[in-house]
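Please look over the sequence and the model shown here before reading on. The paragraphs that follow lead through the structure one region at a time.

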Amino acid sequence: MSVRVLRPLPEAHVVITGGAGFLGSHLCERFLAEGARVTAVDNLLTGSRDNIAHLLDEPRFTFVEHDVTRHLDIEGDVDAILHFASPASPIDYLRLPIQTLKVGALGTHNMLGLALAKGARFLIASTSEVYGDPQVHPQPETYWGHVNPIGPRGVYDEAKRFAEAITFAYHRSHGVDVRVARIFNTYGPRMRMEDGRAVPAFMNAAIDGVPLPIHGDGLQTRSLSYVDDMVDGFLALLTHDEVGPVNLGSPFEVTMLQLAEAVQDACGSHPGVELHPRPVDDPQVRRPDTTIARERLGWEATTPLAVGLARTAAWWREQREAA
Ligand SMILES: NC(=O)c1ccc[n+]([C@@H]2O[C@H](COP(=O)([O-])OP(=O)(O)OC[C@H]3O[C@@H](n4cnc5c(N)ncnc54)[C@H](O)[C@@H]3O)[C@@H](O)[C@H]2O)c1
């Protein structure tokens with residue numbers, strides 16, 4: 001196979017799986033803005049046509065409704081494949097365990113086969129969940145993780161760990177030019193309102209004026225990045241020599257109680273919080289060591305939480321008013 005040098009984006013054809021999802025739709029928009037031709041592939045399992053409706057008239061944009069666990073043929077040159085297809089929110093992967101394992105395994109295998117056939121660069125959307133409930137804090141890329149393979153969350157964590165393993169196998173055995181992004185929690189417009197993650201759940205509650213649902217004592221931590229920063233990170237990794245894995249996330253860690261406070265401020269509504277039982281294997285802490293992203297890619301998440309949440313809350317209110 002011949003690996004082509006990634007052409008400048010205005011000449012490139014980029015395939016984005018999961019392109020009708022939250023992150024995928026922002027990626028489609030961004031690559032179009034950079035002048036690239038974009039093919040989004042999605043079976044709409046957890047995504048929506050609404051996320052890409054504003055792109056459908058763009059001549060450089062093509063949408064293919066397809067399940068990437070099945071063979072996919074794309075005509076002509078492909079310069080890069082960004083494999084983002086996968087249920088991503090806990091309520092999705094807990095209700096879709098087999099589909100989650102299949103898209104991480106068979107879907108990644110198929111997309112690597114396409115990358116091999118086309119000589120395309122391949123970027124896999126991996127996750128901080130490969131670290132499981134971490135015993136090292138913050139988590140550097142060298143940490144191998146602490147995952148319960150047979151717990152309910154194992155379907156997602158292990159699918160992504162397999163996806164990383166097969167990506168590196170194609171890199172070593174077939175010379176596929178790969179990039180591995182370990183994405184930490186990201187939020188912003190186009191998250192699904194009912195996707196169960198903390199920001200949507202808190203925003204719905206704050207806007208409804210009912211107490212925000214907190215799991216456990218609310219002292220567990222997460223590090224959240226605004227979607228525009230994350231998309232900058234994907235572009236930086238794709239266009240850089242660094243193979244990865246690279247942690248992409250914010251080093252700014254907040255407890256769930258602090259996040260609940262910040263969401264209430266962003267929504268201008270303070271109904272307080274209500275404690276609920278903690279889900280099985282819910283990680284206690286989560287913060288990336290971002291040294292590699294900062295020093296080698298020159299990337300860091302810069303949008304302050306209050307700014308990102310205010311933008312998200314404005315979008316959220318619009319959507320709810322339109323619904
Ligand atoms: N959002 C985050 O905070 C976050 C964090 C870590 C990793 N990630 C990863 O980023 C990617 C996108 O996440 P998201 O938050 O945008 O989720 P999302 O659910 O909004 O998007 C995922 C998309 O993949 C599509 N999809 C699922 N299975 C498919 C299949 N078999 N064939 C074709 N399309 C399929 C869905 O329909 C959806 O549009 C996922 O791979 C996820 O694991 C996201």
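**From the domains to the ligand and the helices**

The centres of domain 1 and domain 2, taken over C-alpha atoms, are separated by 26 Å in this model, which is a predicted one. According to the domain assignment, domain 1 is made up of residues 10-187, 225-249 and 288-301, while domain 2 takes in residues 198-220, 253-287 and 306-318. Where the two touch, domain 1 contributes 16 residues to the contact and domain 2 contributes 11 residues. On the domain 1 side of this contact, the residues divide by class into 8 nonpolar, 6 polar and 2 charged.

The surroundings of the ligand can be taken next. There are 28 residues around the ligand, and those that come nearest are Gly18, Gly21, Phe22, Gly47 and Ala88. Two or more residues of this shell are given by each of helix H1 (22-33), helix H3 (97-118) and strand E5 (121-127), and among the elements H1 gives the most, with 3 residues.

The crossing of H1 past H6 is right-handed. From H1, the residues Leu23, His26, Leu27 and Arg30 take part, and they meet Val227, Met230, Val231, Phe234 and Leu235 of H6. Taken by class, the residues of this contact between H1 and H6 comprise 7 nonpolar, 1 polar and 1 charged.

A last stop is Gly154, which is found in helix H4 (residues 154-174). Gly154 lies 136 residues from Gly18 in sequence and 21 Å from Gly18 in space, C-alpha to C-alpha, and Gly18 is one of the residues that come nearest to the ligand. Is Gly154 buried, exposed or partly exposed? Gly154 has 19 other C-beta atoms within 10 Å, whereas a residue counts as buried if 20 or more lie within that distance and as exposed if 12 or fewer do, and therefore Gly154 is classed as partly exposed. If its neighbours within four places in sequence are left aside, Gly154 is in contact with Val147, Asn148 and Pro149.

Terms used. Residues numbered from 1 in each chain as written. Predicted model: local features only at pLDDT ≥ 70, side-chain atom pairs only at ≥ 80, totals over all residues. Near = placed C-beta within 6 Å. Helix = DSSP H or I, 4+ residues; strand = E, 2+ residues; numbered from the N terminus. Left-handed = near helix turned anticlockwise from the far one by under 90°. Contact = placed C-beta atoms within 7 Å. Nonpolar A, V, L, I, M, F, W, Y, C, P; charged D, E, K, R; others polar. Domains from an automatic or database assignment.
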